[in-house]
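Subject: Structure handover

Hello,

Here is the structure I promised to pass on. Please open it first, then read the notes below.

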Amino acid sequence: MTSSPETSTVFTDAVTLKECEAEVFDIAFTATTQPCPWPKAYGGDMVAQALVAASRTVPSSGPGGKAMHSMHSYFMRPVDIGAEVRYEVEVLRDGRGYSTRQVRGFQNGKPVYVCMASFAAGEPSGSFQTTMPAGIPAPETLPTSAAYLADRTGGTMTEASKAYWSGGRGFDMRHVPGPVYLTVEGERSPHQAIWVKPYDTLRPVEGLTDEQRDSAALAYVCDYTILEPALRVLGLAWADDGLVTASLDHAMWFHRPVEMDDWLLYAQEAVSVEDGRGTGLGRFFTTDGVLVATVVQEGMIRAAGVSS
């Protein structure tokens, strides 16, 4: 098996953007999609890169300072791996309490991704959050992806995909119950949880505060597994022959600041599977139970021999 880098630089490289001349909207940046063993780029690249592009047009502190609280995305076309995407940002509104941006990604002369992003200054209010799931084993008691896959093979898994799942994605991800890389163990449950942490300390990213970078890290990592509960209920594993998935649309809400220096619990559930589409809901909690973000995503799921 090809050795995996087990470093978070795959993420920080993805969200290092370069400002360029705008062709469509007000401000533009370029970013490069990161290596992966699939035909097209990972969707989290686009979500995180668009988040960064929008964030770099809104002050994070001082007069007019705001933080992103929500973004809503559509994936319009497959994106080439290791190639530049140009993100054009339209400044739609800058108010006292909120700012709004549209971001559109272009590659090969065509729009490939679009999102709306909203930023809030924040104000005093009451506080409430949903409760973190109970009874989840601690991450230290669970196998890493590399340990799980070390002596396993099968399906369409190649040496490249095995290395990627084992340590090439920038984040340590530990599943409860076990992963769905090669098989779905146990019941076809619509629920799973994943402990997530960068492999190492996130390096600074030019143009971003640490808080903005850490929000981008959440946006980056959330897309890897959000469709897995839908795969579980269908009895499908990533390495099943003929399985094709693609992100269609994505929504994310950032409830509270997060520091990506410790484990986060990503609690997920399948909401619906119908007409070749699966919808997943995910929530990120700190180890002490603080809800920091919520994700909803719908994706295409195509597979031979799927039964209800």
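A residue counts as exposed when its relative accessible area is over 50%. Asn108 has a relative accessible area of 62%, so it is exposed. Keep in mind that this is a predicted model.

Now the rest of what I found, beginning with the whole chain.

The protein chain has 6 helices and 12 strands. Its radius of gyration is 19 Å, close to the 19 Å that the globule rule gives for 308 residues, so the chain is as compact as a globular protein of that length. Along the principal axes, the C-alpha atoms fill a box of roughly 55 × 45 × 40 Å. Of the 308 residues, 52% are buried. The accessible surface comes to about 13,700 Å², and carbon and sulfur atoms hold 50% of that. Take the contacts between residues at least 6 apart in sequence: 73% of them join residues at least 24 apart.

Next, some backbone details. Most residues other than glycine have a negative phi, and most peptide bonds are trans.

- Asp275 is exposed, with a relative accessible area of 62%.
- Pro177 sits in the loop between strand 7 (171–176) and strand 8 (191–198).

Then look at Arg77. It lies in the loop between strand 3 (67–75) and strand 4 (84–94). Arg77 is partly exposed, at 37% relative accessible area. What does Arg77 touch, leaving out residues up to four places away in sequence? The partners are Lys110, Pro111 and Val112. The side chain of Arg77 reaches the backbone oxygen of Pro111 at 2.6 Å. Arg77 and Val112 are 35 residues apart in sequence, yet their C-alpha atoms are 4.6 Å apart in space.

Last, the aromatic rings. The structure holds 13 aromatic pairs. One aromatic cluster includes Phe11, Trp38, Tyr148 and Tyr224. Two arginines lie over ring faces of that cluster. Arg152 is over Tyr148, at 3.9 Å from the ring centre. Arg169 is over Tyr224, at 5.1 Å from the ring centre.

Best wishes

Conventions:
Residues numbered from 1 in each chain as written. Predicted model: local features only at pLDDT ≥ 70, side-chain atom pairs only at ≥ 80, totals over all residues. Heavy atoms only, no water. Helix = DSSP H or I, 4+ residues; strand = E, 2+ residues; numbered from the N terminus. Buried < 20%, exposed > 50% of the residue type's maximum accessible area, 1.4 Å probe, protein only. Contact = heavy atoms within 4.5 Å. Polar contact = N/O pair within 3.5 Å; in protein donor to acceptor, adjacent residues only side chain to side chain. Phe/Tyr/Trp six-rings, centres within 6.5 Å; stacked < 30°, edge-to-face > 60°. Lys NZ or Arg CZ within 6 Å of the ring centre and 35° of its normal. Rg over C-alpha atoms; globule rule 2.2 N^0.38 Å. Areas by Shrake-Rupley, 256 points an atom, 1.4 Å probe, with all protein chains shown as cover.
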